[in-house]
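I set out below what I looked up in this structure, entry by entry. The entries follow the order in which I took up each topic.

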Amino acid sequence: MKINFLALSAFGVLISISVQAQVIQQSYKDQVETLVQDPAVKKAFDYILRIDEQTVQDMITLTEIPSPSHHEEEKGKVFAQMLRDAGADSVWTDEVGNVIGLRKGTKGQKTFLVEGHLDTVFPFGTDVTVKQRGDTLFAPGITDANRSLAIVVALLKTMVHENIRTKDDIWFAGTVGEEGLGDLKGMKYLFREGAHPLAAHIAIDGGGLEDIVNGGIGSLRYKVTFKGPGGHSYGAFGIGNPHNALAQAVVAFVPKADAFTKEGPKTTYSVSVLGGGTSVNSIPYESWMLVDMRSESQEKLQGINQLFLESIQEGLEKENAIIRRGKALTVDIEKVGDRPSGLADPDSPLIQRTMAIAKHLSGNDPVLSSGSTNSNMAFSLGIPAVTIGRGGEGGGAHSLDEWWVNKDGHLAIQQALLLILMQGGWI
Ligand SMILES: [Zn+2]
């Protein structure tokens, strides 16, 4: 509810969408009721419970293999073997390292993607051993997203064991580069131009059953480096100073960014890390900053981006206008992050199905929100997509104290299975 309150108060144009988000059409509720009464579905639900311990064990196995973004190969190999053992029709690793297990459909005219991400935010050297205290499992990355990967395996295993095939082909996948500077590498590859078309995308990378992510907050991240000759602070005085140019750029940017972000969909900016310089009596040869800008709206994101790039030029020109000798300063603008934004209509079938299932299984009203997940890519392309939860209880994501408890964890797997059956046209 908190998220909806924020959406209502801050996002203006999204008011109606947030209100509608609470409305689940009766036809979808009816479909869920029919589905859960089906003997085949009941059997599949039982099977998910029967393999619950193994699913937790898979999560532990995967968690203990380090896999920082851009280094997912080792975990990918183990995950691929899990998909083979689960009975995938075929398993392959694509050019960027996404591991995909195919469950052929009865018609196979369309393909949809169900995935968790292989990478974590933890660098090599982090202790990723899983430790158990009471009911609680502790390890960096245990929920985000090794639990998701174990769910992907459990889903495939269940469909194979229970001989369930949807009409559409399904790709059960572990994907690369979701976190930080991974910058959605795996998704950008899967949704690149000319790729095998994916008709829908279900990402398992969220919280509770009723927490449904139907929007992607886009982001742009830059490393900007102003460069000059550098020299003695007294002896070389008069050459361009990169720190001055950077400071002028920030001074130019902030008032414009402030005015621009006061209205409309939430849009943010942060000059986050600064560096450069060697000693107090030296004019630096470089000055750099890492900057993060985000918005739910692609238009606003492009707008603030424009202001930012203009301000960089302004800063550069201001410093170059006062140099007394030496070469003009230059600037390198390196884009280190680019995640598109987008929003799936709450009335669209995939979101309606997800909400109806969540309501049935949790008893709670579903809450729609926007986030930064793998489904940003599909949202931005207008392809049906949603990010759903991993189940159980967890916390401390992206910290060394990350934890998870198997409190009704199977419900998230059942939720994902129902969604697959509904989305895939199960017959
Ligand atoms: Zn994640």
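This is a predicted model: local features need pLDDT of at least 70, side-chain atom pairs count only at pLDDT 80 or more; totals for chains, interfaces and linings use all residues.

**Backbone entries**

I began with H398, which lies in the loop between strand 18 and strand 19 (403–405). Residues are numbered from 1 along each chain as its sequence is written, and side-chain values use heavy atoms, with hydrogens and water left out.

H398 has a positive phi of about 65° although it is not a glycine. The classes I applied are buried for under 20% relative accessible area, exposed for over 50%, and partly exposed in between, with a 1.4 Å probe and protein chains only.

I next looked up L184, another residue that is not a glycine but has a positive phi, here of about 60°. L184 sits in the loop that links strand 6 (169–175) and helix 8 (185–190). Its relative accessibility is 0%, and L184 therefore counts as buried.

I then checked for a cis peptide bond and noted the one from D144 to A145, with omega near 5°. A145 belongs to helix 7.

I also placed R192, in the loop between helix 8 and strand 7. At 37% relative accessibility, R192 counts as partly exposed. Between R192 and E64 I recorded 128 residues in sequence and 31 Å in space, C-alpha to C-alpha.

**Strand entries**

I took strand 8 (residues 211–216) next. Five of its six residues are buried, so strand 8 is largely enclosed by the rest of the structure. I counted two strands as paired if DSSP finds at least two bridges between them. Strand 8 runs parallel to strand 16 (residues 367–371), and five bridges join them. With strand 15 (residues 342–343), strand 8 pairs in the antiparallel sense over two bridges. Which residues partner G215? In strand 16 the bridge partner is S370, and in strand 15 G215 stands opposite L343.

I then turned to strand 13 (residues 286–295), which pairs with strand 9 (residues 218–227) in the antiparallel sense over ten bridges. Strand 13 also pairs with strand 11 (residues 267–275), again antiparallel, over eight bridges. M289 of strand 13 stands opposite V224, and L274 likewise stands opposite M289.

**Annotation entry**

From UniProt I took the annotation "domain: Peptidase M20 dimerisation", an unreviewed entry that covers residues 218–316. I noted that UniProt positions are given in the numbering used here, that feature names are shortened, and that annotations may be inferred rather than shown by experiment. The end C-alpha atoms of residues 218–316 lie 27 Å apart, and the span is 39% helix and 33% strand.

**Pocket and cavity entries**

I searched a 1 Å grid over the protein atoms alone: a cavity is a set of points where a 1.4 Å probe fits but cannot get out, a pocket is an open set with protein on both sides within 12 Å along at least five of seven lines, and lining residues have an atom within 4 Å of a point. Grid points are joined across faces, edges and corners, and a volume is the space filled by probe spheres set on the points.

The largest pocket has a volume of about 530 Å³. Of its 27 lining residues, G206, G207, G208, R390 and G394 are the closest to the centre. Helix 7 (142–161), strand 7 (200–206) and strand 18 (393–395) each supply at least two lining residues. Strand 18 gives the most, with three residues. Domain 1 (3–216 + 341–423) and domain 2 (218–339) each contribute at least three residues to this lining; the domain bounds come from an automatic or database assignment.

By class I recorded four nonpolar, twelve polar and eleven charged residues in the pocket lining. Ala, Val, Leu, Ile, Met, Phe, Trp, Tyr, Cys and Pro count as nonpolar, Asp, Glu, Lys and Arg as charged, and the others, Gly among them, as polar.

How many cavities of 30 Å³ or more are there? The count comes to one. The largest cavity has a volume of about 60 Å³. Of the 13 residues that line the largest cavity, P66, S67, T120, F122 and V128 are the closest to its centre. Its lining divides into six nonpolar, six polar and one charged residue.

Note on methods. Helices (H or I, at least four residues) and strands (E, at least two) are DSSP runs, numbered from the N terminus.
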